[in-house]
Amino acid sequence: MQAAPAAAENPYGLIPALQQGGIIAISVFTILVLMSIFSFYILFTKLMQQQKIIAQGRKVRSSFWNSPNLREAATKLEAKSAYRAIVDDALVAQEQHGKLTDPIDQHDWMANSLARSQGAIAARLGEGLAFLATVGSTAPFIGLFGTVVGIYRALIKIGASGQASIDAVAGPVGEALIMTALGLVVAVPAVLAYNWLVRRNKSITEDLAAFTNDLHGYLMSDGAVKPRMGAATPASTKGGTPTRTAPTQEPLRTGRPTSTPAQ
């Protein structure tokens with residue numbers, strides 16, 4: 001019995017395109033693969049960093065402001081957390097103010113110190129995002145460069161063979177277009193990841209700014225000013241004095257509308 005003829009290998013595809021494209025095609029493919037790997041690495045590491053800060057924010061809202069003093073409240077936060085760094089910097093700035101030889105208003109000194117601390121955290125949150133933006137903007141052009149070189153090689157080969165049939169043109173040109181497709185595959189996830197991380201960073205930065213403002217008010221009032229925990233609404237009136245409901249565990253921010261009793 002004669003053995004069945006082996007299935008013919010596909011002469012077109014990524015591997016043949018790299019083999020025929022030479023060092024340029026291999027270099028373009030390697031650059032795109034490295035871009036993709038680093039993009040996903042940055043995406044996952046930044047998500048873990050952001051999620052950690054978000055979890056710390058929930059802990060601050062639930063237990064931080066219930067402590068009797070700031071130092072004891074700081075012990076409830078993780079040692080290397082973003083919120084703990086702001087509190088520690090605030091305590092250091094408070095101690096340093098009394099050592100200044102040229103007096104400066106404590107309000108301005110504390111505000112500048114807290115702003116520097118918050119800016120440092122925002123800078124760490126933004127690390128790596130520039131790489132994602134670079135990948136999103138350059139990967140399609142890198143893939144297009146590989147395509148142009150591939151088509152150029154294909155046309156030279158077709159011209160040297162003297163054949164201009166569909167079979168002779170479609171295969172090499174199609175292989176060259178693979179590089180453009182790879183560039184888009186690398187660029188699109190990078191752009192989506194960049195926009196998503198920037199949006200999450202903005203939300204985290206707003207929460208840190210609100211906490212910094214509350215902490216500044218707490219320090220300037222020696223602990224007398226704290227964020228209000230829940231909306232205080234009148235439940236009943238006895239003897240002309242309204243009784244209020246118990247506060248919730250969510251701090252109210254300045255500018256958030258609260259209900260008022262009807263006149």
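Reader: What makes Ala-187 count as buried?

Author: This is a predicted model, and the value is computed from it. Ala-187 has a relative accessible area of 4%. Buried means under 20%. The value of 4% falls under that cut-off, so Ala-187 is called buried.

Reader: Where is Ala-187 found, and which residues is Ala-187 in contact with beyond its neighbours within four places in sequence?

Author: Ala-187 sits in helix α6, residues 166-220. Leaving aside neighbours within four places in sequence, Ala-187 is in contact with Val-135, Gly-136, Ala-139 and Pro-140. Contact means heavy atoms within 4.5 Å.

Reader: How far apart are Ala-187 and Thr-138, in sequence and in space?

Author: They are 49 residues apart in sequence. From C-alpha to C-alpha, Ala-187 and Thr-138 are 7.6 Å apart in space.

Reader: Why is Gly-57 called buried?

Author: Its relative accessibility is 3%. The cut-off for buried is under 20%. Gly-57 is therefore buried. Gly-57 belongs to helix α1.

Reader: Is Ile-37 buried or exposed, and how do you know?

Author: Ile-37 has a relative accessible area of 51%. Exposed means over 50%. The value of 51% passes that mark, so Ile-37 is exposed. Ile-37 lies in helix α1.

Reader: Which residues make the nonpolar surface patch, and where does its largest share come from?

Author: Val-33, Leu-34, Ile-37, Phe-38 and Phe-131 make the patch. Its area is about 430 Å². Helix α1, residues 14-63, gives the largest share, with four residues.

Reader: How many salt bridges does a search of the whole structure find?

Author: The search finds one. Arg-84 forms a salt bridge with Asp-88.

Reader: What makes the pair Arg-84 and Asp-88 a salt bridge?

Author: Side chains of opposite charge can pair when their charged atoms come close. In Arg-84 and Asp-88, the closest N and O atoms are 3.2 Å apart. The cut-off is within 4 Å, so the pair qualifies as a salt bridge.

Reader: What separates Arg-84 and Asp-88 along helix α3?

Author: They are four residues apart in helix α3, residues 82-97, so about one helical turn separates them.

Notes
Residues are numbered from 1 along each chain as its sequence is written. This is a predicted model: local features need pLDDT of at least 70, side-chain atom pairs count only at pLDDT 80 or more; totals for chains, interfaces and linings use all residues. Side-chain values use heavy atoms; hydrogens and water are left out. Patches are made of residues with over 30% relative accessible area and no salt bridge: like charges are joined within 9 Å, nonpolar side chains (Val, Leu, Ile, Met, Phe, Trp, Tyr) within 5 Å. Accessible areas come from the Shrake-Rupley method with a 1.4 Å probe; for residues, only the protein chains shown count as cover. A salt bridge is a side-chain nitrogen of Lys or Arg within 4 Å of a carboxyl oxygen of Asp or Glu. Helices (H or I, at least four residues) and strands (E, at least two) are DSSP runs, numbered from the N terminus. Buried means under 20% relative accessible area, exposed over 50%, partly exposed in between (1.4 Å probe, protein chains only).
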